[in-house]
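Biologist: I'd like to learn how to read a protein model. Could you walk me through a few features?

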Amino acid sequence: MSLPDIIRHFDRVPADLVREAAQYQPAIFADVAGRRGALHGRIRPLHPRMKLAGTALTVEVRPGDNLMIHAAIALAQPGDVLVVDGKGDQSSALMGTIMMNACRKLGIAGVVLDGAARDSLEIDEMDYPVFSVGTNPNGPTKNVGGRIGHPVSVGGVTVYPGDFVIGDADGVVVVEREKLAGLLPLAAKKVKDEAARIAAIQGGDTAAKWLTAALRSAGVLKEGETL
């Protein structure tokens with residue numbers, strides 16, 4: 001039995017976990033998740049100050065057509081992040097100011113586009129978090145079907161509906177819904193360990209304790225040899 005093009009109901013990361021996870025940088029989650037989940041660097045915020053955190057509402061569209069994004073906005077729940085597989089196309093924008101205003105009014109936490117946006121200055125003035133591969137003044141069509149609530153590939157990462165999505169000036173990281181709770185203690189420890197290391201560096205301890213062993217393991221240094 002084939003699945004419908006629109007899957008309306010799926011499990012999401014609970015709101016309390018989203019709030020807890022939102023305090024960490026995407027880089028922290030990328031590290032504790034084993035250097036996994038970071039979208040390709042082509043997907044960046046329209047302005048470096050933009051940040052988002054929420055649950056993925058996945059959308060697949062044909063390049064240059066935003067019909068299914070309009071449908072997703074109508075179905076979205078507060079706290080959702082629209083994650084749109086636009087096939088990396090930059091020949092026309094998938095979303096602009098009108099749609100972003102609707103997203104914000106509905107409580108949608110932000111937008112991630114593997115495609116282009118437009119009206120970037122107005123979106124910047126709105127201070128609404130939008131991540132995209134770039135901008136293009138050309139508008140989209142609204143004619144072609146697609147899918148909502150299915151797994152999508154965005155920035156080289158498979159994103160499932162309900163996954164945790166977080167973004168800042170560095171880019172976007174996606175964490176599988178089932179794994180987020182288990183990663184939160186690791187994220188807290190990572191932040192604590194990094195703060196301690198920075199404090200040690202500021203106190204004069206700049207040596208990387210692991211470096212010599214790593215160079216030997218890589219065959220750069222011979223046994224007993226040092227820098």
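Modeller: Strands are DSSP runs of E with at least two residues, helices are runs of H or I with at least four, and both are numbered from the N terminus. Here, Ile166 has Val173 in S11 as its bridge partner. Before we go on: this is a predicted model, where local features need pLDDT of at least 70 and side-chain atom pairs count only at pLDDT 80 or more, while totals for chains, interfaces and linings use all residues. Residues are numbered from 1 along each chain as its sequence is written, and side-chain values use heavy atoms, leaving out hydrogens and water.

Biologist: In which sense do S10 and S11 pair, and over how many bridges?

Modeller: The sense is antiparallel, and there are five bridges between strand S10 (residues 164-168) and S11. Together they make a hairpin, with two residues between the strands.

Biologist: And is S11 mostly covered or mostly open?

Modeller: For that you need the word "buried": under 20% relative accessible area, with over 50% called exposed and anything in between partly exposed (1.4 Å probe, protein chains only). S11 spans residues 171-175 and is mostly covered, since five of its five residues are buried.

Biologist: How do I read aromatic pairs?

Modeller: Look at the rings of Phe, Tyr and Trp (its six-membered ring): they pair if their centres lie within 6.5 Å, and planes under 30 degrees apart are stacked, over 60 edge-to-face, the rest tilted. This structure has two such pairs. One of them joins Tyr24 and Phe29 edge-to-face, at 5.9 Å centre to centre with 85° between the planes. The other ring pair I'd show you is Phe29 with Phe164: the centres are 5.7 Å apart and the planes sit at 65°, so this is edge-to-face. That pair links distant parts of the chain, with Phe29 in helix H2 (residues 26-32) and Phe164 in strand S10, 135 residues apart.

Biologist: Why does Tyr24 count as buried?

Modeller: Because its relative accessibility is 10%. Phe29 is buried too, at 0%, and Phe164 is buried with a relative accessible area of 0%. Ring pairs link Tyr24, Phe29 and Phe164 into a cluster.

Biologist: Which residues does Ser92 touch?

Modeller: Contact means heavy atoms within 4.5 Å. Leaving out residues up to four places away in sequence, Ser92 touches Gly64, Ala116, Asn136, Asn138, Gly139 and Pro140. Ser92 lies in strand S3 (residues 80-95) and is buried, at 6% relative accessible area.

How values were computed:
Two strands pair if DSSP finds at least two bridges between them.
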